[in-house]
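Take a look at the protein below.

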Amino acid sequence: MKSARFWVPTSILLVLVVLAIGVAIIGKALADDAFAAKDDLEKAMPLVSQVQKSMLEGDTESAKETTAKIAALTSSARARTDGALWHNLGWVPVVGPNLAGVRVAADSADRLVREVVTPLTDVSLDAIVPRGGAIDLPQLAKLAAVVEKASASVATVQKNLSGIDRDALLGPVKSGVDQIDTALGKVEPILEPVHNALTLLPEALGAQGPRNYLLIFQNNAESRGTGGNPAAIALLNATEGKITLAGQVGSSDFKNDLPKPIIDLDPQTKALYGDKIGRYVMDTTLTPDFAYTSKLVQAFWAQQSNVKIDGVASFDPVALSYLLKATGPVKLPTGHTLTSDNAVPLLLNEVYSIFPHAKDQDAFFAGAAAAVFQALLDGHPQPKALLDELARAANEGRLMYSPNDPEELKVIAGTPVSGSLPTTNADATVMGAYVNDITEGKLDYYMQLAVAASSTQCSAKDAAEFTISTTLANTLKPEQVDGLARYISPGRFFAKGTVSTDLVLYGPVDATVKSVTVNGKPASVTSLPHLGRNAVKVNVVTPPSAQAVVVVTYSGKSGPYGPLEIRHTPMVRQTPVKVDTPGC
């Protein structure tokens, strides 16, 4: 009996020892697989950027080779973490949740490579670049299908990741899961709009019938709210992906100085900008609301043509200089060569000395626009270079588009290319500074705009306060005035070289004006409602080498407020912008 009593606990102890050894062996095997999977995924991560680079450069073969290497690594990581032990030990405290975290992370990475990255390498980004004057519509459709599948895959991965108990994860495991989460957080918001755009593009490019668009070229040397005087307008036709320049007109080809506005003006727009916005085509860009400009321009167009318009786009010479970085130099009919370096000074300043008469200037502008347009359609710009420069132009407000189709309008809503101010402060608290020249001439080539904004939105206990400070400087030196071409500065209404500007400053949605100062002195200015905001219009006159500083402070309603942003007129010169939100 004594020996029996001895052997029972001893047997239990031996069983426990054997179990402990087994668990240790299992644990070591799992640990080895986990570390190996970790190594695989870490080797795969830097290769993803190589695929992106190759795709943007149009090198699909290189992208496919690199993707195959990534797929081998993520497949290995998934296989190492997909055994029975990884699935069956989920009940073990501490160990179980971490095994699940590693397994789901490896599976997610492999799924994204198989269902997102690999399919994308089968579609060339050349689909979005004109070749032989046309966009490849079948390739666009194929790209849309790939993006749709990618979006579904991302949604599945996000669902799987959401099922992980993050609080139970050890540091290294949580870090890995968070990295995938962060990456998806950047990708997911853009997949739906990209897919929508790719789905709608074929129809916009004439897949279901011809489309006609007006392209206005805004001359920044004579500033207007969204850029400048729309002195040149082109008619573009898109039919089954083929894009052609169907005609060009200048602002003088329209009936201007109308006895009454071309359309019944919105009362708030009329009160702030006057009825001239609807009586002269060159003033249709006074407002920062490009959709309203589109409406006005189309009304003027209907005066002289029965061609139905499907939308209006806008470009300026600075954006044109960006585009020339992608296309390369372009030879003009006049014998001049337009490059990314000389486009701005040549088109916005030197042309007025080369061609003193307006008719010759218009012909030069028309020839330049047609030549660059043709270079874009017939040339072979790299997708990355073209996309980079178009994105830069859009982000600076130099490329805008307002379609008449409601579905297309939904796709671009809230993006910089829509040329509109947000209607709420939820996603972004936007303040605006817009420049409207009333001098007559092209002196804004020399004007330097700088804008700063600050707010107490993250520190105020009650209603927040917002301040926007705008500095407008005339960089023209007094000794340069006599040499100015007559068309740049006629000197009829103001002394030669002196610039008169209406600065229009917009506060956040629903904010009210608290104070206005001009050059440090209080100014009695009445604010006017427009676009759901209160706007202040201040006229400043700046002789050569002089500047004006206008500061407006607004009182906002109780929060919440999105990040503070500044929108402004895209000038010839880059505009320094400073935002200060203490406590954010």
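Asp257 counts as partly exposed because its relative accessibility is 48%, and the label covers the range between buried (under 20% relative accessible area) and exposed (over 50%), worked out with a 1.4 Å probe on protein chains only. You'll find Asp257 in the loop between strand E3 (242-250) and helix H7 (267-273). Its phi is positive, near 50°, and Asp257 is not a glycine.

Asp510 also has a positive phi, about 70°, without being a glycine. Look for Asp510 in the loop between strand E11 (499-506) and strand E12 (512-518). With a relative accessible area of 45%, Asp510 is partly exposed.

## What kind of model this is

This is a predicted model, where local features need pLDDT of at least 70 and side-chain atom pairs count only at pLDDT 80 or more, while totals for chains, interfaces and linings use all residues. Residues are numbered from 1 along each chain as its sequence is written, and side-chain values use heavy atoms, leaving out hydrogens and water.

The pLDDT is the predictor's confidence in each residue, from 0 to 100. Its mean for the protein is 85, and 87% of the residues reach 70 or more. Over residues 1-7, pLDDT stays under 50, and the model has zero contacts there beyond four places in sequence; a contact means heavy atoms within 4.5 Å. Residues 18-26 have a pLDDT below 50 too, with two contacts beyond near neighbours in sequence.

## The whole protein

The protein has 13 helices and 18 strands. These are DSSP runs numbered from the N terminus: helices are H or I with at least four residues, strands are E with at least two. Of the 584 residues, 46% are buried. Among contacts with a separation of 6 or more, 72% join residues 24 or more positions apart.

How do H9 and H11 pack? Helix H9 (residues 317-327) and helix H11 (residues 358-378) meet at an angle of about 40°, and their axes are 10 Å apart. Axes are lines fitted to C-alpha atoms, for helices over the stretch in contact, with angles from 0 to 180 degrees between N-to-C directions. So H9 is oblique to H11: angles under 35 degrees are roughly parallel, over 145 roughly antiparallel, 65 to 115 roughly perpendicular, and the rest oblique.

On the H9 side, Leu320, Leu323, Leu324 and Thr327 meet Val372, Ala375 and Leu376 in H11.
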